[in-house]
Amino acid sequence: MSATSRRFCQVEIMTVDYKMLGKQFAALADADENRLAMSANFVALLYAEIPDINWLGLYILRGDKLVLGPFQGLPACTTIPVGQGVCGTSAEKGETLRIDDVHAFDGHIACDPASKSELVVPLISDGRVFAVLDIDSPYGARFTDQDQVGAEEVSRIFVTALEAQQKPLDEFI
């Protein structure tokens, strides 16, 4: 294999500027008081700017189930029981889950068989989970520590924008 060929075989690692994403979303949120529109723009912005993902969306907590909210990607599971799958487990524990191989995750719910890794961030207000941000990738071990910290920070900005409207977050959309 020549040096030129090797260059084409190397994988380029792209990093996401989550700080800039947070600023971009904050500007969008300042211009809109409609929570549904704000949520849709949050999802669309992240989906457009995070490389190597095949699905990104929100699941909203309704009782003991997560219900599909705004998303980008192929059609998805419409409800996920709390405590099941990566999203339901994240909602139950109230902690971010970064899964390198979703097929090795006990109880994984395969909404899209192309997904190989997943990052789920619980959205928390007043100490309660009210939704989760779900990001899927068709590549194994796609998400890094930087992705996790960045997604958590952008999610906090989203939650803060929702809270600024001083309306209860139960059934926010």
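Visitor: What makes strand β6 count as mostly covered?
Guide: Nine of the ten residues in β6 (residues 128–137) are buried. Buried means under 20% relative accessible area, exposed means over 50%, and partly exposed is in between, using a 1.4 Å probe and protein chains only. Strands here are DSSP E runs of at least two residues, helices are H or I runs of at least four, and both are numbered from the N terminus. A word on the source: this is a predicted model, where local features need pLDDT of at least 70 and side-chain atom pairs count only at pLDDT 80 or more, while totals for chains, interfaces and linings use all residues. Residues are numbered from 1 along each chain as its sequence is written, and side-chain values use heavy atoms, with hydrogens and water left out.

Visitor: How do you know that β5 and β6 pair?
Guide: Two strands pair if DSSP finds at least two bridges between them. β5 (residues 117–125) and β6 have nine, in the antiparallel sense, so they pass that cut-off. Glu118 stands opposite Asp136 in β6. In the hairpin of these strands, with two residues between them, Asp126 takes a positive phi near 50 degrees.

Visitor: What joins β1 to β6?
Guide: Six bridges, with β1 (residues 55–62) running antiparallel to β6. Leu56, for one, has Ile135 as its bridge partner in β6.

Visitor: Why is Asp147 called buried?
Guide: Because its relative accessibility is 5%, and the cut-off is under 20%. Asp147 sits in helix α5 (residues 145–163).

Visitor: What makes Asp147 and Tyr18 a polar contact?
Guide: Their side chains come to 2.7 Å. The definition asks for a pair of N or O atoms within 3.5 Å; within protein, one must be able to donate a hydrogen and the other to accept it, and residues adjacent in sequence count only if both atoms are side-chain atoms. The side chain of Asp147 also makes a polar contact with that of Arg142, at 2.8 Å.

Visitor: Which residues touch the most other members of the largest nonpolar core?
Guide: Phe42, Ile50, Ile135 and Phe158, out of 31 residues. α5 gives the most to this core, with six residues. A nonpolar core is a set of buried Ala, Val, Leu, Ile, Met, Phe, Trp, Tyr and Cys residues joined through side-chain atoms within 4.5 Å. In soluble globular proteins, nonpolar side chains tend to be buried together.
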